[in-house]
Each structure stands twice: as C-alpha cells, then as structure tokens.
Amino acid sequence: MLNSPATKYQPFPTVIKTKRHWPTQVLNKPPRWCSTDLRDGNQALANPMDGASKAEYFQCLIEIGFKEIEVAFPAASDTDYSFVRYLIEQNKIPENVTIQVITQARPELINTTMTSLLGVKKAIVHVYNATAPAFREQVFQMSQKEVIELAIAATTQIKEFCLQHPETHWTLEYSPETFCMTELAFSVEICRAVMDVWKPNAQYPLILNLPATVEVNTPNVYADQIEYMIETLQPSEHTCISVHPHNDRGTGVAAAELAQLAGASRVEGCLFGNGERTGNVDLVTLAMNLYTQGIHPNLNFSNMSKVVSMAEKMTALPVHPRHPYAGELVFTAFSGSHQDAIKKGFQWRKEHESELWNVPYLPLDPKDIGCSYEAVIRVNSQSGKSGASWILQQNHGLILPRYLQQDFSHHIQKHTDSHGKEISMAEIWSLFREQYGLKIKPKLSLSNFTFDAESGTIKANLLQDERQISLLGHGKGLISAWINALTQLFDGEITVLHYDEHSLGHSTDSQAVAYVGCQFNQSEVFYGVAIEKDISKAALQAILNSLITVYPQLSYQ
C-alpha cells in the first residue's frame with residue numbers, strides 16, 4: 001500500500017444539493033424486485049449454469065415470489081438464447097411473472113435478443129451502453145454526442161420491433177452504464193433522449209435503471225444522485241426509476257435502501273449478493289431488513305435453509321456462516337453474556353405473553369425463516385452458565401435452578417477447555433446425566449416406597465445392582481423421613497440445602513423433575529437430579545443421586 005494514496009487515487013465528486021428530501025423519508029413499502037441471478041449472477045460464475053440448472057433456479061425464484069426475473073443475455077451464447085426459447089415454448093412462465101433479457105446497444109445483438117422473445121406474453125428488454133468517462137474515453141473512444149446517438153438508435157430499433165409484435169406487452173429498460181460514475185448532467189441528457197424516443201405510456205412503460213455497476217462512493221452520494229435525477233427528469237407514472245447497486249465498497253445494501261428513500265421504486269440484485277467482483281446487492285438481506293421493521297417484502301423466505309441450499313447448489317458458492325439472516329451461525333451465540341441475555345429475553349417474552357419481538361441480540365425470530373431455536377445458543381469454552389442450561393431447557397424441558405446452572409457450567413467449562421472445541425447437544429446431555437445421576441442403570445435406585453404422613457414413616461426398597469435393600473425412616477415430612485432413613489444406611493450426616501421441582505409437560509401423565517443440593521458431613525455440596533412419573537419419587541431419587549457422586553467414599557452399613 002502507498003504511504004500517500006492520494007497521489008494515485010482521487011475521491012469521486014459528491015453532489016452539490018442545497019436541499020435533500022431523502023434523509024427525512026422512511027421506508028414503508030417494498031420495492032419492485034428483479035432477480036438477476038440467472039444473468040448477472042450467472043455471468044460471475046467460474047462455471048456458468050447450464051439450461052437445466054437455470055430452469056431449476058428459475059422455478060425457485062418464482063416460489064420465493066419474484067415477479068420480474070432477468071433470465072439471460074440471449075445474444076451472448078446459445079445456452080442463453082435456448083433457455084429463453086425453452087421458457088416461452090414450454091410455457092414455463094407464470095401469468096404474473098415477466099422475464100427480462102439484456103443486450104448491449106448494438107444492432108446485431110438487439111436483433112438476436114428481440115428474436116429470442118418472439119411469442120412471449122410479457123417481456124422487459126434491458127438495453128445499456130457505457131456512459132461513464134472512463135469507458136467513453138478508454139474503451140470506446142466516443143464523445144458524449146456519439147454515446148447519445150447510440151442510445152437513441154438502440155431505443156429506436158427496439159421500439160420498431162415492439163410495434164411489429166403488439167401481441168407482447170413490452171417494457172423497455174435503459175441503463176446508462178455506469179451511472180454512478182457518469183456526470184449527472186450527461187446522465188440526465190441521455191436518459192431524456194431515450195424517454196423522447198420511447199414515449200412511455202401504459203402500453204409501453206419504461207424503466208430507467210441507474211446502476212452503481214462499480215460502487216465508488218458512499219451510499220448518501222448515490223441517494224443524492226438518484227434524487228437529482230428524479231427531480232430533474234420529472235418522470236411520468238409510466239416511467240419507473242430502478243437501481244442496480246454493486247458492492248465494491250461493501251455498502252450495496254445501504255446504497256439500495258438510501259436510493260429508495262430518494263425515490264427509486266425498483267431494485268435489481270441477486271440472492272446472497274452473488275455477482276461480479278464483490279457482487280450485486282444482496283436481495284435476501286434487503287428484503288429481511290424490511291421484514292424486521294414490520295414491512296412484508298413480498299418475497300417468501302420462510303424456508304431460508306432451502307433457499308441457501310439451492311443457491312449453493314447452483315452457484316457452487318458457499319453462503320458465509322455469518323451471512324445476515326441466512327448464515328448457519330447467524331442466530332448462534334457462544335458468548336456467555338450473550339447467551340444469558342437471550343435466555344432471559346425468551347423467558348421474559350413467555351412470562352409477559354408478548355407478541356412483539358424484542359429479544360436481546362436477535363433482531364429476528366429464527367422460526368419466521370424456518371430455523372429452530374436449537375441453533376440459537378451453542379456451547380464452547382467462551383460460554384457461561386446460561387448456554388448449557390438453555391440447551392437442556394429447549395431439548396429436554398429442564399429448567400435448571402441457578403445453583404445447578406452455576407455448578408454445571410463449571411463441568412462444561414472443564415470439558416471444553418480440555419477438548420478445545422464446541423460441545424454438542426448430545427455431549428451436553430450425556431455430561432449432565434453422568435454428573436447428576438441420570439444414568440440408565442444408577443448405582444442406587446429407589447424401587448418403591450410408602451409414606452404414612454400421620455406417623456411420618458417411610459418404608460422404601462432400594463436396588464443396588466441385583467441386591468435389594470430395605471429402609472425405614474421417620475421425620476416430620478417425606479424429605480426429613482427419607483434423610484433419616486438414608487443416614488441409617490450411610491454413616492454420616494446428610495443435609496438438603498437446595499430443592500426445586502417442576503413438571504416436564506402440561507398433561508396429567510407428564511413426568512416431573514426434581515433438583516437437589518446436599519451436604520454430606522458438612523463437606524462440599526453435591527447435586528442430584530431425577531426424572532420420574534411421580535414427583536415425590538423424583539425428589540427422593542434426586543437426593544439419592546446427589547449421594548452417588550460421593551458414594552465410593554460413603555461407609556455403607
């Protein structure tokens with residue numbers, strides 16, 4: 001990198017405006033969407049899609065809800081030309097969907113493009129020519145006048161073809177390329193020239209597409225450019241202002257949003273931002289940004305994982321695990337403080353029966369896009385006490401009391417530190433069962449018991465391996481009687497310091513879980529958990545399970 005980059009790079013000029021309207025506007029409706037995945041996105045692939053792949057992707061885009069889809073550059077290849085013919089001849093285009101094709105402003109390419117559309121019910125013909133100084137001077141060596149003449153000639157040729165085929169509802173789309181690098185006065189002049197030739201009306205509408213084909217400035221400058229064009233051109237109701245932002249500066253989504261505030265009503269882009277260089281604007285992020293503000297985008301991402309799988313399959317490009325809304329880890333928290341806040345947010349929402357979504361760290365309910373809550377919190381060495389307890393609650397219905405959360409987090413931390421990686425849900429459950437006596441075959445289990453509340457007497461049978469042990473105890477209640485019985489079995493003093501219980505369901509036959517923390521001979525606290533059909537039996541077994549951890553040290557009588 002240069003120590004003085006200004007000797008090589010100069011900032012692109014801003015727009016001189018004394019009064020801006022877009023900063024005070026608010027997005028309150030979705031734009032007209034146009035997917036360019038099958039054309040702009042496809043041309044950016046190392047291995048472009050074949051006809052069968054494009055057909056499958058086309059169907060996916062329809063299911064998502066796109067009503068305008070740029071399907072091909074028919075004059076560029078036989079594959080693209082044949083695909084357009086396939087869609088038309090095989091009647092694959094729904095009544096409410098308009099296909100779009102693109103062509104450069106060259107007579108022979110326009111002729112091939114228009115021929116490919118014969119017989120289609122509705123079509124958008126997208127024509128473009130280079131208008132920016134770098135392209136005019138370096139690539140085509142053309143004056144501004146010659147560039148305008150080229151745009152007029154292309155528009156005239158397309159219009160003449162459309163008039164000869166009135167059976168199709170035609171829309172012209174014109175792009176001065178690249179708009180964001182073109183002098184504004186010249187952009188106005190060439191767009192006005194196209195408008196004068198096309199004469200947009202209800203039968204022959206016009207789309208003025210103002211692309212940031214190479215993003216060269218901050219999004220606010222792009223918004224200024226769009227607002228200037230609209231204020232100067234004063235387009236009629238039959239002329240739509242469209243934008244096609246790329247992402248060279250990493251602000252394609254912001255540029256599209258600000259352009260809409262400035263008056264643009266249509267956006268072209270690709271799923272997950274696929275496209276040349278750093279990509280087109282990301283339509284998934286753009287749409288879901290609206291959704292999280294309470295505005296339905298008129299695109300359906302209820303099964304986001306399916307959309308991700310389709311895009312990855314067709315493009316051979318992975319969707320980043322931290323991609324907004326769609327990445328595998330986008331709803332996942334590993335940090336202890338994040339996990340604790342999320343867990344408490346879900347609990348608050350449940351307790352208050354709130355319909356409005358306002359959960360810490362989660363701008364979107366994962367369920368709205370088909371994601372389970374299992375992915376929200378995952379546990380590694382950075383996780384705190386809430387992570388593992390959340391997973392146990394979501395997958396097993398266990399609502400751990402705070403003392404057990406704290407104790408189990410120490411075991412989780414020890415495990416993850418020793419292994420140096422994330423611990424799975426299955427491993428968490430296995431570790432929990434191992435630690436708190438929830439084994440399939442515990443060392444000591446309560447077979448049955450009876451308790452006489454009037455006399456405070458408990459009679460119980462324990463099973464140790466294949467051996468049955470009978471116990472008798474007395475106390476003021478069930479727990480104290482049980483402790484009395486156990487102290488006769490074990491040579492020592494047992495004290496119950498913590499006890500909690502809850503049902504694992506809402507039906508009368510639901511299981512119950514009991515959590516306890518006990519001291520043996522006033523030593524450290526040992527914890528036990530038990531799940532049984534009967535809550536009383538669960539309480540007694542949990543106390544027994546807490547002693548299992550120190551069982552080798554106990555003196556059995």
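A residue is called buried when its relative accessible area is under 20%, exposed when over 50%, and partly exposed in between, using a 1.4 Å probe and protein chains only. Glu149 sits in helix H6 (residues 144-164); helices here are DSSP runs of H or I with at least four residues, strands are E runs of at least two, and both are numbered from the N terminus. Ala193 is 44 residues away from Glu149 along the chain, yet their C-alpha atoms are separated by 8.9 Å.

A word on the model itself. It is a predicted one, in which local features need pLDDT of at least 70 and side-chain atom pairs count only at pLDDT 80 or more, while totals for chains, interfaces and linings use all residues. Residues are numbered from 1 along each chain as its sequence is written, and side-chain values use heavy atoms, with hydrogens and water left out.

An unreviewed UniProt entry annotates residues 31-305 as "domain: Pyruvate carboxyltransferase"; such positions are given in the numbering used here, feature names are shortened, and annotations may be inferred rather than shown by experiment. The span is 44% helix and 19% strand, and its end C-alpha atoms lie 24 Å apart.

Next, a helix pair. The axes of H3 (residues 78-89) and H4 (residues 107-116) come within 9 Å and cross at roughly 25 degrees. Axes are lines fitted to C-alpha atoms, for helices over the stretch in contact, with angles running from 0 to 180 degrees between N-to-C directions. H3 is therefore roughly parallel to H4 (under 35 degrees; over 145 is roughly antiparallel, 65 to 115 roughly perpendicular, and the rest oblique). Tyr81, Val84, Arg85 and Ile88 of H3 make the contact with Thr112, Thr115 and Ser116 of H4, contact meaning heavy atoms within 4.5 Å.

As for aromatic rings, the structure holds 11 pairs. Rings of Phe, Tyr and Trp (its six-membered ring) pair if their centres lie within 6.5 Å, and planes under 30 degrees apart count as stacked, over 60 as edge-to-face and the rest as tilted. Phe58 and Phe83 have ring centres 6.5 Å apart and planes at 85 degrees, so they pair edge-to-face. Because Phe58 lies in helix H2 (residues 51-64) and Phe83 in helix H3, the pair ties together parts 25 residues apart in sequence. Phe58 is buried at 2% relative accessibility, and Phe83 is buried at 2% as well. Trp198 and Tyr204 also form an edge-to-face pair, 6.0 Å centre to centre with 90 degrees between the planes; both residues are buried. Elsewhere, ring pairs link Phe408, Trp429, Phe432 and Tyr436 into a cluster.
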